[in-house]
Number of protein chains: 2
Amino acid sequence: MPPRQSSDASKGKAAVSDVYGAMRASILKGDIEPGARINIDAVSRSLGVSQTPVREVLQRLEGDNLVVYSPGRGYSTTPLLDLPALRSLFEFRLLVEPWAARSAAVDRLANPAAALEKELSAIRNSLKTTSGDARQDLVAHDTRFHDTILLAAGNPVVQHAFAQTHCHLHTFRLYPADIDGAITIAEHATVREAIAACQPDRAEEAMAEHIRNSFARFAQAFEGKADLAPLESDGPPKRHIVT
Amino acid sequence: MPPRQSSDASKGKAAVSDVYGAMRASILKGDIEPGARINIDAVSRSLGVSQTPVREVLQRLEGDNLVVYSPGRGYSTTPLLDLPALRSLFEFRLLVEPWAARSAAVDRLANPAAALEKELSAIRNSLKTTSGDARQDLVAHDTRFHDTILLAAGNPVVQHAFAQTHCHLHTFRLYPADIDGAITIAEHATVREAIAACQPDRAEEAMAEHIRNSFARFAQAFEGKADLAPLESDGPPKRHIVT
DNA sequence: CGGCGCAAGATCATGTAGGAATCTGAATAA
DNA sequence: TTATTCAGATTCCTACATGATCTTGCGCCG
């Protein structure tokens, strides 16, 4: 008896892609509770595929830091970022991205100003027309904007290392609440302007400022949730990085 | 006939660890030619296990950037680093590691000076006693030394991002030739000293200098190999399948 | 009477074997 | 020389067996 019940159109192939999208969406939407264990058999049966593609997907998700693996105990979803983890993430961004903005602010064909402007126009239009959930679009724009600058910096290793952190993905997962997009877009515009003008110092500083502000916004949203876990035993005062 | 020929002692489990070590060693030693495709069936039979653990290992190796995956075509070993890739890698290190050294050079319990000194003593002893292949030990020491400093910097995200690049692994793969360890160890000692003295500026600069010198050494070794493959721009070179 | 330890059952991860769809590569015909 | 077809090889998925791990319930001790 065929237990298939979904994504049966192209039954021969592309099973793994569908499963990957489905599981990723489940984790991001929060359908699977953060920190909960994942039952391979249950997932495979609910998606109508065998266990092998599910395992493959889980291993890929482990690379995305969306699940963790314990030998002999299987996979669990990673817990949500706490404040120290969020700070570490943004310190990393503060280390990498201003450098990338500086590297991109050169008078060469690699200068990404045109692409960035196009991206900004697109998101402005999208925010005007779209009435409902703008968060999806906003996060997608943010991802593309920063990735474009990273790409223009011309260092595949740095680009890959940054992509591996999946910072947008995790911040997206953290905050289902609405974020004011206007401020973000304005800061992006400032960065773009400095890059278009080929002013490395200004571009670096604008990007650093943008990341600092962004962290402040996220941390503020975090404060709202601090009530749920009020005992916050922060260790020694965290050092702030400067360059 | 039983095709088993290795790691048959505990046949019940722990297959994946053995397979991972074996394949990783094969790639690093160069038994599998860089760029060649990997036949899952052949590997599974030669190691005496089924295809599933081999596949799992390949997925993990993909995370290590030792193999690449093409849907429908399977896995291939990644080609060796060329000079631009090596430069990108060291630019990334130059971005991250001096920052880490600066962060570690603080007067706190997290200061890694003691651990670094221990590591340096160990490698000095090891080099005196070991007569044969010191390269293994040297690379292992280098890995531990830099990892220790990264760890002391106290940022898990940066640490993870750096670990994901597996820079030592790839440089190891690149240069089977002997490298003079004395210079490396001396530079390490300088870095350690600055960190022990809690002088962030000096530590940062010492680490930066070390990385610049290290790149120069690798690039020099690279020059020596340029003769072997002078015409390297041909399109699709004969793909040879090796297992 | 309540807490602790132990053991049997159940659950689940891990590995094995085999089959179907697909890709590779070369020989053949236009 | 170029497009097409066909056989061989190989990936990818399904289905199942096995061993480890977690849970539940009972008996024992305090």
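Strand E2 (residues 67–70) of chain B and E3(B) run antiparallel and are joined by four bridges. Helices (H or I, at least four residues) and strands (E, at least two) are DSSP runs, numbered from the N terminus, and two strands pair if DSSP finds at least two bridges between them. The model is predicted, so that local features need pLDDT of at least 70 and side-chain atom pairs count only at pLDDT 80 or more, while totals for chains, interfaces and linings use all residues. Residues are numbered from 1 along each chain as its sequence is written, and chains are lettered from A and ligands numbered from 1 in the order in which they are written.

**Exercise 1. Work out how the strands of chain B are arranged, and which of them are the edge strands.**

Step 1: Strand E1 (residues 37–38) of chain B runs antiparallel to strand E3 (residues 74–77) of chain B, and two bridges join them. In this pairing, Ile38(B) has Tyr75(B) in E3(B) as its bridge partner.

Step 2: Tyr75(B) in E3(B) also stands opposite Tyr69(B), and Gly74(B) in E3(B) stands opposite Ser70(B). E2(B) and E3(B) form a hairpin with three residues between them, and in the turn Gly72(B) has a positive phi of about 85 degrees.

Step 3: Across E1, E2 and E3 of chain B lies H3(B), which runs at about 110 degrees to E2(B). For such angles, axes are lines fitted to C-alpha atoms, for helices over the stretch in contact, and angles run from 0 to 180 degrees between N-to-C directions; two residues are in contact if their C-beta atoms, placed from the backbone, lie within 7 Å.

**Exercise 2. Describe the elements of chain A and its sheet.**

Step 1: Chain A has ten helices and three strands, and from the N terminus on its elements run α-β-α-α-β-β-α-α-α-α-α-α-α.

Step 2: The three strands form an open sheet in the order E1-E3-E2 (chain A), with antiparallel pairing. Its edge strands, each pairing on one side only, are strand E1 (37–38) and strand E2 (67–70) of chain A.

Step 3: Helix H3 (residues 51–63) of chain A packs on this sheet and touches E1, E2 and E3 of chain A, its direction making about 110 degrees with that of E2(A).

Step 4: Within the sheet, E1(A) and strand E3 (residues 74–77) of chain A pair over two bridges in the antiparallel sense, and Tyr75(A) in E3(A) is the bridge partner of Ile38(A).

**Exercise 3. Characterise the side of chain B that touches chain A.**

Step 1: The contact takes 20 residues from chain A and 19 residues from chain B.

Step 2: On the side of chain B, helix H3 (51–63), helix H4 (83–104) and helix H7 (156–165) each supply at least two residues, and H4(B) gives the largest share, eight residues.

Step 3: By class, this side of chain B divides into nine nonpolar, seven polar and three charged residues (Ala, Val, Leu, Ile, Met, Phe, Trp, Tyr, Cys and Pro count as nonpolar, Asp, Glu, Lys and Arg as charged, and the others, Gly among them, as polar).

**Exercise 4. Find which elements give residues to the surface near DNA strand D.**

Step 1: DNA strand D is surrounded by 19 residues, of which the closest are Ala15(A), Ser50(A), Thr52(A), Ile40(B) and Gly74(B); a residue is near a molecule or strand if its C-beta atom, placed from the backbone, lies within 6 Å of it.

Step 2: Two or more residues come from each of helix H1 (15–29) and H3 of chain A, and from helix H2 (40–47) of chain B. H3(A) gives the most, with four residues.

Step 3: The surface near DNA strand D has six nonpolar, nine polar and four charged residues.

**Exercise 5. Determine whether Arg217(A) is buried, exposed or partly exposed.**

Step 1: Arg217(A) lies in helix H10 (residues 200–225) of chain A.

Step 2: A residue is buried if 20 or more other C-beta atoms lie within 10 Å of its own, exposed if 12 or fewer, and partly exposed in between, with C-beta atoms placed from the backbone. Because Arg217(A) has 15 other C-beta atoms within 10 Å, it is partly exposed.
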